[in-house]
Amino acid sequence: MKTYLTQIWTISSKDIRLEIRTRQMTVSIIVIVIALLIVTNLAIPNSADTMFATSATVIWLCILIASFLVVMRNLVIEYDPIGFHGLIICPVPRDAIYLGKALSNLIFLLAIEAILFPLSSILFNIPLLTLTVAVITVSATLGIAAAGTLFAAMSVNTKAREIMLPVLFFPAVIPIALTAIETTQHALQTNYGSAIWQDIGVLLTLSIAITTTSAILFTFAIDE
Amino acid sequence: MSKFETPLIECSNISKFYAPERALDHLNLTITAGEHLLIVGPNGSGKSTLINIIGGLIRPTKGTVHINGVNIHKASPETRNSIGIQTHNPFLYDDLTGKENLIFFGKLFGIPDIQSKIAETASLLKINHILDRRAASLSHGNRKRLGFARTILHNPDIILLDEPDSGLDSDSLIDLRETLAKELDNKTILLTTHNVNWALPLATSILVLGNHNQTIKMPPAEYASLQDTKQKL
């Protein structure tokens with residue numbers, strides 16, 4: 001078990017080290033996300049009736065776009081220069097490769113969200129920095145990172161991978177994005193009460209189901 | 001039974017199709033432990049495909065490859081640990097240094113004392129001076145040497161090398177051949193090359209792959225005499 005966890009962390013930490021060194025992904029994604037937030041904040045009328053729905057939708061759309069860019073970049077690390085072959089030649093179970101890549105995607109996304117949420121809280125003037133929103137965010141991001149990692153692996157060996165990845169990724173994460181938007185809205189409503197934890201339970205179950213299924217399917221996805 | 005008589009790798013009836021081409025067609029091959037097999041043939045004859053299939057990187061369209069009786073595509077980590085493979089791609093991360101690349105792969109191969117193993121391998125291959133440089137900044141030849149270091153770092157029993165000589169200068173070619181001949185003599189080595197004269201002294205057998213899927217395995221002396229006859233003709 002220790003070896004398995006070490007293998008997962010070795011793969012993830014390599015991705016993190018590469019990103020810290022090059023900053024190729026996070027800087028550009030953060031700029032895109034900030035631009036999206038500012039434009040939508042200025043363009044969409046922010047009435048009291050729709051404030052929570054609008055802000056939750058905008059935030060999760062930003063996260064979806066950031067997720068796509070993160071998994072795309074993390075795919076490129078493995079494709080160019082070496083493809084998943086560099087990892088396949090190692091005596092590492094395929095699901096450990098998957099979990100290593102999914103973990104690094106999750107960490108990158110959480111790092112971006114750590115900037116996105118305080119900024120959104122200020123721009124939309126809503127209480128986003130709470131424990132419930134944090135749990136919702138981690139739960140939904142887990143599912144999105146898990147699905148993205150699988151679809152990145154499926155598209156890496158196709159000739160049209162730049163087309164294949166969005167075609168596979170966006171439809172697959174719609175259920176989790178809609179659930180996350182709704183749960184975030186509920187978390188922002190002070191009168192929603194403890195029922196929010198049932199919503200979070202549904203979201204977390206969905207994410208864990210996606211992660212488990214993706215780990216199994218990944219083994220077939222990276223085979224030629 | 002000597003080590004040269006023990007079947008280690010068995011390719012049974014393997015075919016690989018890249019429509020409409022057939023890279024390999026019903027190839028049967030047995031490689032014994034300690035054998036140094038030189039694989040030669042013209043471009044497109046399936047040399048790289050054969051190396052990639054035996055290394056478990058690609059699946060054959062038909063047929064199976066067994067290593068020590070285990071199907072390579074269902075192999076345990078222990079079986080994978082017995083293989084070191086270098087393809088045309090050195091499998092390096094451009095933005096990691098040479099040493100970081102070796103540490104990364106060393107950890108995944110479960111090497112216990114990585115630092116001393118890297119030092120030992122770097123001395124053997126004379127690559128100490130490139131260990132602290134990013135892989136992206138290395139010349140083609142040095143990337144190749146670093147890729148070879150990654151291939152042998154975990155002390156594999158089977159070494160698969162796809163044109164390891166390409167892009168190397170004459171000194172590096174001599175060094176590589178000496179390393180293979182002296183330090184890795186007890187390993188099973190499969191090596192493809194177009195530079196037959198360079199590799200012939202290493203070989204204990206030759207596999208000739210033809211463009212029309214004819215395959216012939218022969219001893220080096222027989223191959224050398226065939227080459228002599230061709231030149232005289």
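Predicted model: local features only at pLDDT ≥ 70, side-chain atom pairs only at ≥ 80, totals over all residues.
Let's start inside chain B, where 11 residues of domain 1 are in contact with 12 residues of domain 2. On the domain 1 side of this contact, helix α6 (residues 170-183) of chain B gives the largest share, with 4 residues.

Staying in chain B, have a look at helix α1 (residues 47-54). Is this helix enclosed or open? Of its 8 residues, 7 are buried, so α1(B) is largely enclosed by the rest of the structure. The buried residues are K47(B), T49(B), L50(B), I51(B), N52(B), I53(B) and I54(B). Just after this helix you come to G56(B), which takes a positive phi of about 80 degrees.

Now let's move to where the chains meet. The contact between them draws 22 residues from chain B and 19 residues from chain A. On the chain B side, the elements that give two or more residues are α2 (77-81) and α3 (98-108). The chain B residues that touch chain A divide into 12 nonpolar, 4 polar and 6 charged.

Crossing over into chain A, we can follow a pair of helices. Helix α2 (residues 26-43) of chain A packs with helix α5 (residues 94-124) of chain A at an angle of about 25 degrees, and their axes are 10 Å apart. How are the two helices oriented to each other? Angles under 35 degrees count as roughly parallel, and α2(A) and α5(A) are therefore roughly parallel to each other. The crossing in which α2(A) passes α5(A) is right-handed.

Which residues bring this pair together? From α2(A) come T26(A), I29(A), I30(A), V33(A), I34(A), L37(A) and N41(A). They meet F108(A), A111(A), I112(A), I115(A), L116(A), L119(A), S120(A), L123(A) and F124(A) of α5(A). By class, the residues of this helix contact divide into 13 nonpolar, 3 polar and no charged.

Terms used:
Residues numbered from 1 in each chain as written. Chains lettered and ligands numbered in written order. Contact = placed C-beta atoms within 7 Å. Nonpolar A, V, L, I, M, F, W, Y, C, P; charged D, E, K, R; others polar. Axes fitted to C-alpha atoms, helices over the stretch in contact; angles between N-to-C directions. Parallel < 35°, antiparallel > 145°, perpendicular 65-115°, else oblique. Left-handed = near helix turned anticlockwise from the far one by under 90°. Buried ≥ 20, exposed ≤ 12 C-beta atoms within 10 Å, placed from the backbone.
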